Amino acid sequence: MADKLVSPADVATSAGMNFRWTVLVWLVAGGIINYIDRASLSIAAPEMIRELGLSRTQIGLLGTVFAWTYAVMQLPAGWVIDRFGAKKAYAVAMIWWSVATYMTGVVGSVSALLVMRALLAVGEAPCWPTSAKITAAWFPTKERGFATGIWDSSSKWGPALAPAVLVALMIAFGWRSLFHVAGAVGIAFAIIFLFLYRNPEQS
């Protein structure tokens with residue numbers, strides 16, 4: 001009888017490699033950062049309207065550009081992850097969207113803001129597919145549903161935490177600080193992930 005095929009995730013589990021739970025915490029944190037970054041615009045919008053002279057229609061257009069770009073970029077995101085690997089794709093994507101977030105707090109014209117929102121969407125598109133890929137690598141089949149439910153909860157934790165964190169920043173330091181702090185946190189997290197994350201067979 002042929003030997004049963006064993007995945008790297010099964011090997012990691014059987015070897016008692018509890019590092020997979022640390023990886024899960026990283027995915028939750030990355031997802032929270034993802035949603036805080038995209039929520040920054042809605043929090044900063046009233047002050048942006050006042051200071052930059054934007055209309056509510058223009059703010060709505062910024063949201064529309066993000067949504068359409070995000071939807072379209074979901075299509076090639078999976079190919080990028082398979083081609084370059086989950087580690088590189090996740091870290092580069094987070095740095096990409098974090099720089100776009102930071103720069104949103106620098107620019108001041110509608111056209112520049114539209115570009116930043118589009119770039120944000122391009123960077124954020126691989127986040128969820130990469131989390132699924134990492135889950136498949138680190139968790140055996142019997143645990144993947146549970147692990148996926150945990151990191152997917154970040155899509156709710158992010159919007160829940162964003163108002164409290166971002167409003168406090170805006171009151172203390174102005175609306176541009178929202179984007180600067182959120183972007184800097186994302187870049188720092190991506191660098192840490194890039195240096196510490198390993199696939200199961202390399203860990």
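**Note on the predicted helical model**

1. Just after helix H3, Gly 85 takes a positive phi of about 95 degrees.

2. Overall make-up. The protein has nine helices and zero strands; from the N terminus on, the elements run α-α-α-α-α-α-α-α-α. Along the principal axes, its C-alpha atoms fill a box of roughly 75 × 30 × 25 Å. Of the 203 residues, 42% are buried. Taking contacts between residues at least 6 apart in sequence, 85% join residues at least 24 apart.

3. Helix H3, length and bend. H3 covers residues 56-84, which is 29 residues. From first C-alpha to last it reaches 40 Å, close to the 42 Å expected at 1.5 Å a residue. The helix bends by about 40 degrees at Leu 75, and a proline, Pro 76, follows within four residues.

4. Helix H3, buried residues. Ile 59, Leu 62, Phe 66, Thr 69, Tyr 70, Ala 77 and Ile 81 are buried in H3. An α-helix has 3.6 residues a turn, so residues three or four places apart point the same way. What do the buried residues of H3 pack against? Their partners are helix H2 (19-52), helix H4 (86-104), helix H5 (110-124) and helix H6 (127-138).

5. Helix H4. H4 has 19 residues and spans 27 Å between its first and last C-alpha, close to the expected 27 Å at 1.5 Å a residue. Its buried residues are Ala 86, Ala 89, Tyr 90, Ala 91, Ala 93, Met 94, Trp 97, Ser 98, Ala 100, Thr 101 and Thr 104. These pack against H2, H3, H5, H6 and helix H9 (175-196).

6. Thr 104. This residue lies in H4. Thr 104 counts as buried because its relative accessibility is 3%, and buried means under 20%. Beyond its neighbours within four places in sequence, Thr 104 is in contact with Leu 113, Met 116, Trp 175 and Phe 179.

7. Packing of H2 and H6. Two packed helices are described by the angle between their axes and the distance between the axes. For H2 and H6 the angle is about 175 degrees, and the axes are 11 Å apart. The two helices are therefore roughly antiparallel to each other. On the H2 side, the contact is made by Phe 19, Arg 20, Val 23, Leu 27, Gly 31, Asn 34 and Tyr 35. H6 contributes Cys 127, Trp 128, Ser 131, Ile 134, Thr 135 and Trp 138. By class, this contact has eight nonpolar, four polar and one charged residues.

8. Ile 134. Ile 134 sits in H6 and is one of the residues of H6 that make the contact with H2. Is Ile 134 buried or exposed? At 1% relative accessibility, Ile 134 counts as buried. Not counting residues up to four places away in sequence, Ile 134 touches Val 23, Leu 27, Ala 86, Phe 193 and Tyr 197. Val 23 and Leu 27 belong to the H2 side of the contact with H6, and Ala 86 is among the buried residues of H4. Ile 134 and Asn 199 are 65 residues apart in sequence, and their C-alpha atoms are 8.1 Å apart in space.

9. Thr 130. Thr 130 is also placed in H6. With a relative accessible area of 0%, Thr 130 is buried. Residues up to four places away aside, Thr 130 touches Ile 81, Ala 86 and Tyr 90. Of these, Ile 81 is a buried residue of H3, while Ala 86 and Tyr 90 are buried residues of H4.

10. Ser 177. Ser 177 is found in helix H9. Its relative accessibility is 10%, and Ser 177 therefore counts as buried. Leaving aside neighbours within four places in sequence, Ser 177 is in contact with Leu 169 and Met 170. Ser 177 and Gln 58 are 119 residues apart in sequence, and 21 Å apart in space from C-alpha to C-alpha.

Key
Residues numbered from 1 in each chain as written. Predicted model: local features only at pLDDT ≥ 70, side-chain atom pairs only at ≥ 80, totals over all residues. Heavy atoms only, no water. Expected span 1.5 Å × (residues − 1). Bend = angle between axes of the 7 residues up to and from the residue. Buried < 20%, exposed > 50% of the residue type's maximum accessible area, 1.4 Å probe, protein only. Contact = heavy atoms within 4.5 Å. Axes fitted to C-alpha atoms, helices over the stretch in contact; angles between N-to-C directions. Parallel < 35°, antiparallel > 145°, perpendicular 65-115°, else oblique. Nonpolar A, V, L, I, M, F, W, Y, C, P; charged D, E, K, R; others polar.
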